[in-house]
Amino acid sequence: MTLMMLGIMILLLLAGFPMMMPLLAATMLAFFIYLPDLNLQLVVQQMIGGVKPAALIAVPMFILAADIITRGHSADRLVDLVMRFMGHIRGGLAVSVTAACALFGAVCGSTQATVVAVGGAMRPRMLKAGYNDSFSMGLIINAADLAYLIPPSIGMIIYGVISGTSISELFIAGLGPGFLIIGLFSLYCIYYAKKHNIPVEEKASWKERVGALRRALWPLGFPAIVVGGIYGGIFSPTEAAAICVLYALLLEALVFRSIKYRDVIDIALSTGAITSVVFILIAAGAAFSWVLSYAQIPQQIIAAIGLDGAGPLMTLLAINIAFFVGCMFVDSVVVILILVPIFAPLVKAAGLDPVLVGVLITLQVAIGAATPPFGCNIFTAVAVFRRPFVDVIRGVPPFLVILLITTILMVLFPQIALFLRDLAFR
């Protein structure tokens, strides 16, 4: 049954069908062949049940907020703030890109929106400063991964709903590895700038820095709302998402006056189209996961690959490898929907903290977004920067190594992710 489901999915993917079709086709085929005595309504019920959790309301809210901000002035103000404080050090421009991606990721939660907003503004400046184009694009598409780790994170929301893990705890736990990646990326950028003798920019005066900070105060309200509000127990992640939308509208429409009524309609339509795709995938994934669970396929797979009774370290290694490889070829949402139910029994048996597992999975999903052959950040960069695929991925390997080192450190030292969680919720 497992091979049959996998085979039909691969065939339909190769034939060019969108991902929801292979998921549904494999589910229905398995249902009719192996579960013919059950009522077909069960599949429909599982699909509806998959999109019913209230926490999923946060997904379209964060997508909408990200779309509003991307079309407004928030990104430019955040980039300018970072540049004023860090542009004058050796490698400061590249370090500023990393910091700007982190800040914008904390505003929008979307890796692709971060590539567009930060990359569009910073890549020309990096080229003018003497940075190699492949290095510049490699840095941008990998630093954009921080949008998945630093809250809000759509990947964490979906994992939390599927696994029953606290989304608030996942959000806080993502900060530790996010800061670690910022530090490691910054060290490599400084090393690269020194090695290639990249000139430094003129140091900004404190008057210019204060002015940039003043202009960026409004956009900096987004991470304060998400992290501060959740950490302080003021509201839930779902409520934070709704407040972010209202804040984004007020900020861009009334304060900055960067969008008009017609723009809001276009943004809403765009968000609706993206949300419908995500929710169809979630619904199809819920039915697929139910068939897997009912047929006890996860237990069969775990036993077949020799992980039955595996310890925590081996379990984490298997999870990281599976998600890393999966996200290289398939959309991250689909990988989460398929693999989380498969590994759930193994995680429980090994006594692993589901928050740690969720952060590691999110990290692998983020890495997959910038890893060939099918990372979504790569194709976004190809479209935005109008550069060939090969040129875009040429600068990826050093940053990929850093992200894999971060994964190893998290496995060996779980408190990198759990320290802030324990401080906030224990």
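**Close-up 1. The salt bridge between Asp 133 and Arg 123 in the predicted model.** The closest N and O atoms of Asp 133 and Arg 123 are 2.9 Å apart. Asp 133 belongs to helix α8 (residues 133-143) and Arg 123 to helix α7 (residues 111-129), so this pair ties together parts that are 10 residues apart in sequence. Asp 133 has a relative accessible area of 17% and is therefore buried, the limit for that class being under 20%. Arg 123, at 13% relative accessibility, also counts as buried.

**Close-up 2. The salt bridge between Arg 394 and Asp 391.** The side chains of Arg 394 and Asp 391 meet with an N to O distance of 2.9 Å. Asp 391 counts as buried because its relative accessibility is 15%. Through shared partners, salt bridges join Arg 394 and Asp 391 with Arg 123, Asp 133 and Arg 387 into one network. For the model as a whole, the count comes to 11 salt bridges.

**Close-up 3. The salt bridge between Glu 169 and Arg 421.** The side chains of Glu 169 and Arg 421 meet at 3.2 Å, N to O. Glu 169 is in helix α11 (residues 167-173) and Arg 421 is in helix α24, and the pair links distant parts of the chain, 252 residues apart. Glu 169 is buried, its relative accessible area being 13%. Arg 421 is buried as well, with a relative accessible area of 3%.

**Close-up 4. The crossing of helices α20 and α24.** Helix α20 covers residues 354-369 and helix α24 covers residues 415-425. Their axes come within 10 Å and cross at roughly 130 degrees. This angle makes α20 oblique to α24. The crossing in which α20 passes α24 is right-handed. Helix α24 is also the helix that holds Arg 421, the salt-bridge partner of Glu 169.

Close-up 5. Helix α13 (residues 206-216) gives the most to the patch, with 3 residues. Trp 206 is placed in helix α13. The relative accessibility of Trp 206 is 57%, so this residue counts as exposed, a class that begins over 50%.

Note on methods:
Residues numbered from 1 in each chain as written. Predicted model: local features only at pLDDT ≥ 70, side-chain atom pairs only at ≥ 80, totals over all residues. Heavy atoms only, no water. Helix = DSSP H or I, 4+ residues; strand = E, 2+ residues; numbered from the N terminus. Buried < 20%, exposed > 50% of the residue type's maximum accessible area, 1.4 Å probe, protein only. Axes fitted to C-alpha atoms, helices over the stretch in contact; angles between N-to-C directions. Parallel < 35°, antiparallel > 145°, perpendicular 65-115°, else oblique. Left-handed = near helix turned anticlockwise from the far one by under 90°. Salt bridge = Lys/Arg side-chain N within 4 Å of Asp/Glu carboxyl O.
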